Each structure stands twice: as C-alpha cells, then as structure tokens.
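Welcome! Take a moment to look over the chain, and then let's walk through how its parts sit against one another.

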Amino acid sequence: MLQGPDIVLACPHCQSLARLFTVANPDPSGAVSWSDGYQEMPLTPAQPNISRCRNCGKLMWVAECAPVGMIDDNQPSPEHEEWKKLPYVEPVEEKDYLEALKEGMAVEPERETELRVFAWWRANDRHRRNEGPGRYPQAPESVENLERLVELLKDGEHEFVLFRAEALRQLGRFDEAQEMLHGICSDYAIARERLAELIEKKSRDVEVLFAEPQMSEAQA
Ligand SMILES: [Zn+2]
C-alpha cells in the first residue's frame with residue numbers, strides 16, 4: 001500500500017481538528033472476503049465512515065467533516081508541524097453504529113442501510129477469528145438490527161440480494177434465505193454456492209468466502 005497525504009478535518013459539532021489517512025495505491029494481497037460481505041484488506045485499512053470526536057465525544061459522518069487542509073511533506077503548510085500532532089479519525093464499534101441510528105444520523109434510507117450493515121459487521125467481528133459454533137450475532141440489539149436490515153433490503157437493489165440472503169441465514173431463517181438465493185445472478189456464483197452449502201447445513205456462522213494470497217505483486 002502506498003499511503004497518501006493525511007487530510008485535516010474539522011468536527012461538525014465543535015470544529016476541533018483530527019486527521020484522516022488516505023491511500024494512494026490500495027494493495028489487495030491477503031484480502032479476505034466474508035460471507036456477510038465484509039472485505040478485509042490487511043495492507044489497506046478502510047477509512048472510517050463514522051467516527052467519534054475526541055474533543056466533544058459526539059458521533060459524526062466523516063464525509064460531513066469540513067476539510068481544513070492536507071499534511072503533505074512535499075508542500076508543507078504553515079500549520080504542518082502542528083497538524084502532525086493531531087489524532088487520527090478512528091473507526092467505531094457496533095454500539096456506536098446503533099447509537100448513530102438512535103440519534104437519527106441516518107437521514108436517508110440508504111444511510112440507514114449503511115449504518116445497519118456496519119453494525120452487523122462489527123457484531124460479527126468478534127466471531128471472525130474464532131472456531132466452533134455460535135459465530136453469529138446473538139445480543140438482542142444485534143438481532144434486532146439484523147431483523148431491521150432484512151426489512152430494509154426487502155425491495156432493495158440487486159446487489160443487496162446477497163446481503164439479505166446472508167442476514168436471513170445468520171438469523172436462522174433458512175427457508176427465506178434459500179429462497180433469496182434464486183435471485184442472485186451468476187456474477188456472484190461462488191458466493192451463491194457457498195451460501196447454499198451453509199444453508200443446507202443449517203449453519204448461521206460467519207465464514208470466509210474467499211481469500212487472496214498473502215503476497216504483493218502476485219502478477220510479477
Ligand atoms: Zn467535536
């Protein structure tokens with residue numbers, strides 16, 4: 001991964017500053033795709049969509065933070081050295097996504113879908129490195145979130161069919177999940193086959209769908 005210049009952002013609530021890393025050249029080696037649609041790229045961290053301000057403690061959409069400047073070593077600004085001391089914008093946990101929903105931070109339905117998908121991913125995170133059964137969201141608030149997501153995705157775009165099938169499987173609603181698979185086009189054949197197997201086994205566990213080899217410049 002080639003890192004880009006950090007961007008300095010202002011909190012929309014209190015205007016205090018933080019910095020956001022950028023990626024100039026994503027490196028997909030070692031990437032892992034999970035059954036819930038989450039993709040992990042160990043060499044290319046994803047920018048957070050929601051963060052909590054270190055100063056005022058409020059949640060914010062990172063995309064709604066006003067950019068104040070850039071920390072570019074090739075073009076140092078007068079504030080350069082000060083800005084280099086700023087904390088990074090950090091990702092948040094499941095409980096924070098649920099709080100964002102409660103606070104009405106999802107102004108459009110697409111935003112609600114996004115927040116609920118991220119809450120679900122963060123709930124599954126604690127199971128990704130474990131073996132054994134029970135690797136699905138079980139806390140009442142996590143289950144409620146997943147049930148809401150299934151409703152939201154009901155009339156969703158084609159790309160959401162896979163998400164909905166997987167959410168239903170993780171809820172243990174296997175018949176409905178099975179039915180959703182018919183709507184998945186051949187572009188997603190590998191995922192469809194894998195989900196069909198898991199549904200057949202009555203498994204609710206989050207699983208790896210595929211993993212890229214852990215080496216850079218595989219084509220070289
Ligand atoms: Zn703030």
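The C-alpha centres of domain 1 and domain 2 are 26 Å apart. Keep in mind as you read that this is a predicted model.

- According to the domain assignment, domain 1 covers residues 2–83 and domain 2 covers residues 94–211.
- Where the two domains touch, domain 1 contributes 12 residues and domain 2 contributes 23 residues.

**The side of domain 1 that touches domain 2**

- Three strands each provide at least two residues here: β3 (32–34), β5 (50–52) and β6 (59–61).
- The biggest share comes from β3, which gives 3 residues.
- Sorted by class, this side of domain 1 has 6 nonpolar, 4 polar and 2 charged residues.

**A pair of helices: α5 and α6**

- A pair of packed helices can be described by the angle between their axes and the distance between those axes.
- Helix α5 spans residues 160–170 and helix α6 spans residues 174–181; their axes come within 8 Å and cross at roughly 160 degrees.
- Angles over 145 degrees count as roughly antiparallel, so α5 is roughly antiparallel to α6.
- The crossing of α5 and α6 is left-handed.

**Who meets whom between the helices**

- From α5, the residues in the contact are Val161, Arg164, Ala165, Leu168 and Arg169, and they meet Phe174, Glu176, Ala177, Met180 and Leu181 of α6.
- By class, this contact of α5 with α6 holds 7 nonpolar and 3 charged residues, with no polar ones.

Terms used
Residues are numbered from 1 along each chain as its sequence is written. This is a predicted model: local features need pLDDT of at least 70, side-chain atom pairs count only at pLDDT 80 or more; totals for chains, interfaces and linings use all residues. Axes are lines fitted to C-alpha atoms, for helices over the stretch in contact, and angles run from 0 to 180 degrees between N-to-C directions. Helices (H or I, at least four residues) and strands (E, at least two) are DSSP runs, numbered from the N terminus. Angles under 35 degrees count as roughly parallel, over 145 as roughly antiparallel, 65 to 115 as roughly perpendicular and the rest as oblique. A crossing is left-handed if the near helix is turned anticlockwise from the far one by less than a right angle, and right-handed if clockwise. Two residues are in contact if their C-beta atoms, placed from the backbone, lie within 7 Å. Ala, Val, Leu, Ile, Met, Phe, Trp, Tyr, Cys and Pro count as nonpolar, Asp, Glu, Lys and Arg as charged, and the others, Gly among them, as polar. Domain bounds come from an automatic or database domain assignment.
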